[in-house]
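Here is a guided walk through one protein model, written for someone new to reading structures. Keep the 3D view open while you read.

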Amino acid sequence: RIVTLLAKRFGRHAALAAWQTDNEYGCHDTVLSYSTAALAAFRDWLGQKYQSPEALNRAWGNVFWSMEYRSFGEVELPNLTVTEANPAHRLDFRRFSSDQVIRFNRRQVDIIREFSPGRDILHNFMGSVTDFDHYKLSEDLDAASWDSYPLGFLERDTDDEAHKLKYMRVGDPDLQAFHHDLYRACGRGRWWVMEQQPGPVNWAPWNPAPLAGAQRLWAYEAFAAGAEVVSYFRWRQAPFAQEQHHEALLLPDGSPNEAYETCRTVSAELAALDPKAGNERADVALIFDYESDWAWRIQPQGADFSYLKLVLAFYRALRKAGQTIDVVRAAADEVRDRKLVILPGLMCPNEELIGELASTQAMVLAGPRTGAKTKDFRIPADLPPGGFRRVIDCRVRRVETLRPGANIRLRNRTPDLLLERWREFVEPGEGATPIIECEDGHPALLANGRRAYLAGWPNDALLDEVTAYCLAQAGLERASLPDGIRIRDHGGSRYIFNYLEDAQDISEFASFGEILLGGERIPGAGVTVVGKQEHDTGGG
């Protein structure tokens with residue numbers, strides 16, 4: 001009703017450029033509902049999917065613990081159980097809940113398209129919220145957007161206290177960049193930052209002020225990732241209610257705040273640089289899959305196993321090596337014509353993806369937990385990685401999880417290279433050879449030509465070595481970036497960012513072309529833009 005009234009009243013207004021549906025789906029735990037309405041809808045969803053209680057019982061393995069249902073009306077929601085609910089039940093409930101969000105969004109989109117034709121429709125996704133499938137929801141949108149709060153998310157989402165202190169005023173070098181790439185994938189190349197952090201916010205555990213220049217760096221990181229728009233929340237700081245300490249472009253009295261001047265500066269610089277929206281297809285593809293995130297939250301096996309953090313660890317290692325990355329769906333067309341494809345923890349690769357990866361000339365790195373379950377949340381009949389054995393032949397016989405500090409050392413490697421958190425006991429199959437072994441002789445990294453499987457969660461030092469190995473196999477140049485420096489290639493330019501508070505020398509990475517912005521010595525929270533020469537291929 002509200003959307004209809006708004007669309008009728010403003011839908012054809014000359015000043016209207018685009019619509020945002022609702023606000024931050026999933027934020028504040030708003031996806032999973034255990035209401036009576038949800039129960040009725042879930043039973044209907046199960047009936048449509050399985051058609052009969054017998055089919056549901058087979059899919060969920062309900063013979064275990066005598067959980068068989070005689071009708072869909074006997075199915076309850078997977079909460080308030082005496083002990084752990086069936087993981088297949090929980091996964092289907094998450095799928096259902098995601099579909100409900102998608103249906104809710106589609107209702108709004110259909111109304112807006114009827115009364116406001118020709119305008120772009122977006123939704124502002126949230127950082128580190130994975131409770132529904134953003135790819136599927138975005139199919140109904142013209143572009144994706146997200147709300148980027150680098151300092152707030154650093155405080156909220158990071159466990160490492162030293163890391164928080166190090167990047168307290170500039171933000172994590174890779175977390176916002178990862179979300180830029182994720183939401184570019186959701187928007188099929190078109191994406192915005194709908195809410196950019198302008199200064200201290202009100203909702204994080206601690207809310208420091210950004211370093212001078214940080215807001216400018218954040219804007220350039222977005223535009224270098226192909227953003228069409230960087231919009232700030234908010235225009236004027238509210239002097240009342242819950243968000244009084246959430247800064248804005250203007251102070252409560254209407255006078256300019258620091259971020260207002262940042263907007264003026266960046267606007268003038270962009271007019272001279274003229275960066276193009278959108279991005280070229282990157283050589284490196286990193287798969288992120290929402291169902292895998294749900295699966296490993298349902299059955300982490302170790303208290304600190306996080307799919308999002310696992311994927312982010314690989315993304316971070318690639319960024320530290322100077323790569324420009326596409327985060328992609330688990331689909332064959334997304335990995336085609338790449339040089340390096342990485343799929344950590346992908347629960348159940350589909351047959352089309354497996355076929356593409358089995359035939360590609362690209363370097364492929366999988367694991368850990370790749371192919372560990374079927375779609376019905378079963379261990380594959382021929383053991384993990386299931387059908388992925390067509391890509392690299394190996395079998396995972398058992399797994400173990402490791403409490404903090406209980407690491408696995410490696411044979412003939414320096415003591416700082418370790419497996420942590422998660423470890424798999426893997427049998428090599430035909431053609432698969434151990435490249436790195438644990439001290440007890442079990443493989444840590446298996447390879448067969450340009451196919452590799454990593455049998456555990458690597459610490460940062462080991463992941464850097466594995467990344468170097470994969471880049472070499474893929475024929476991609478690996479940059480040895482100084483601490484806190486990140487690179488993104490976009491269009492004909494290379495963007496270089498300094499996420500530390502101290503100035504750094506970046507002449508090695510800026511001397512190959514014309515410097516368009518900044519210089520070879522980059523200040524804390526600084527940005528340098530270099531026009532790349534035609535023959536240069538560094539950084540992926």
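Predicted model: local features only at pLDDT ≥ 70, side-chain atom pairs only at ≥ 80, totals over all residues.

**Helices**

Let's begin with helix α1, which covers residues 2-10 and includes phenylalanine 10. Phenylalanine 10 is partly exposed, because its relative accessible area is 37%, and partly exposed is the range between under 20% (buried) and over 50% (exposed). Together with Ile2 and Leu6, Phe10 makes up a nonpolar patch on the surface, and the three share about 280 Å² of accessible area.

Next, find two helices that pack against each other. Two packed helices are described by the angle between their axes and the distance between the axes. Here, helix α2 (residues 36-50) meets helix α4 (residues 87-115) at an angle of about 105°, and the axes are 10 Å apart. So α2 and α4 are roughly perpendicular to each other, since angles of 65 to 115 degrees count that way. On the α2 side, the residues making the contact include Phe42, Trp45 and Leu46, while the α4 side brings in, among them, Phe93, Arg95 and Phe96.

**Salt bridges**

Side chains of opposite charge can pair when their charged atoms come close. Searching the whole structure turns up 42 salt bridges. Three of them are listed here.

| Pair | Closest N to O |
|---|---|
| Aspartate 157 and arginine 156 | 2.6 Å |
| Arginine 338 and aspartate 326 | 2.8 Å |

How exposed is arginine 156? With a relative accessible area of 34%, arginine 156 is partly exposed.

Are arginine 184 and aspartate 326 buried or exposed? Both are buried.

Aspartate 326 also forms a salt bridge with arginine 338. Arginine 338 is in the loop between α13 (332-335) and β8 (340-343), so its pairing with aspartate 326 in strand β7 ties together parts 12 residues apart in sequence. Arginine 338 counts as buried because its relative accessibility is 6%, and aspartate 326 is buried at 9%. Salt bridges with shared partners join these residues into one network, whose members include Arg184, Asp326, Arg338, Glu221 and Arg486.

**A buried proline**

Proline 384 is in the loop between β9 (363-366) and β10 (394-401). It counts as buried because its relative accessibility is 11%. Its C-alpha atom is separated by 8.2 Å from that of cysteine 394, 10 residues apart along the chain. Leaving aside residues up to four places away in sequence, proline 384 touches several others, including Ile379, Cys394 and Val396.

Most residues other than glycine have a negative phi, and most peptide bonds are trans. Which spots go another way here?

The peptide bond from phenylalanine 233 to arginine 234 is cis, with omega near 10°; arginine 234 sits in the loop between β5 (230-232) and α10 (258-273). Another cis bond runs from glycine 367 to proline 368, with omega near -15°, and proline 368 is in the loop between β9 and β10.

Histidine 28 has a phi of about 65° and is exposed, with 70% relative accessible area. Aspartate 29, in the loop between β1 and α2, has phi near 55° and is exposed at 69%.

Key
Residues numbered from 1 in each chain as written. Heavy atoms only, no water. Patch = residues over 30% accessible without salt bridge, like charges linked within 9 Å, V, L, I, M, F, W, Y side chains within 5 Å. Areas by Shrake-Rupley, 256 points an atom, 1.4 Å probe, with all protein chains shown as cover. Salt bridge = Lys/Arg side-chain N within 4 Å of Asp/Glu carboxyl O. Helix = DSSP H or I, 4+ residues; strand = E, 2+ residues; numbered from the N terminus. Buried < 20%, exposed > 50% of the residue type's maximum accessible area, 1.4 Å probe, protein only. Axes fitted to C-alpha atoms, helices over the stretch in contact; angles between N-to-C directions. Parallel < 35°, antiparallel > 145°, perpendicular 65-115°, else oblique. Contact = heavy atoms within 4.5 Å.
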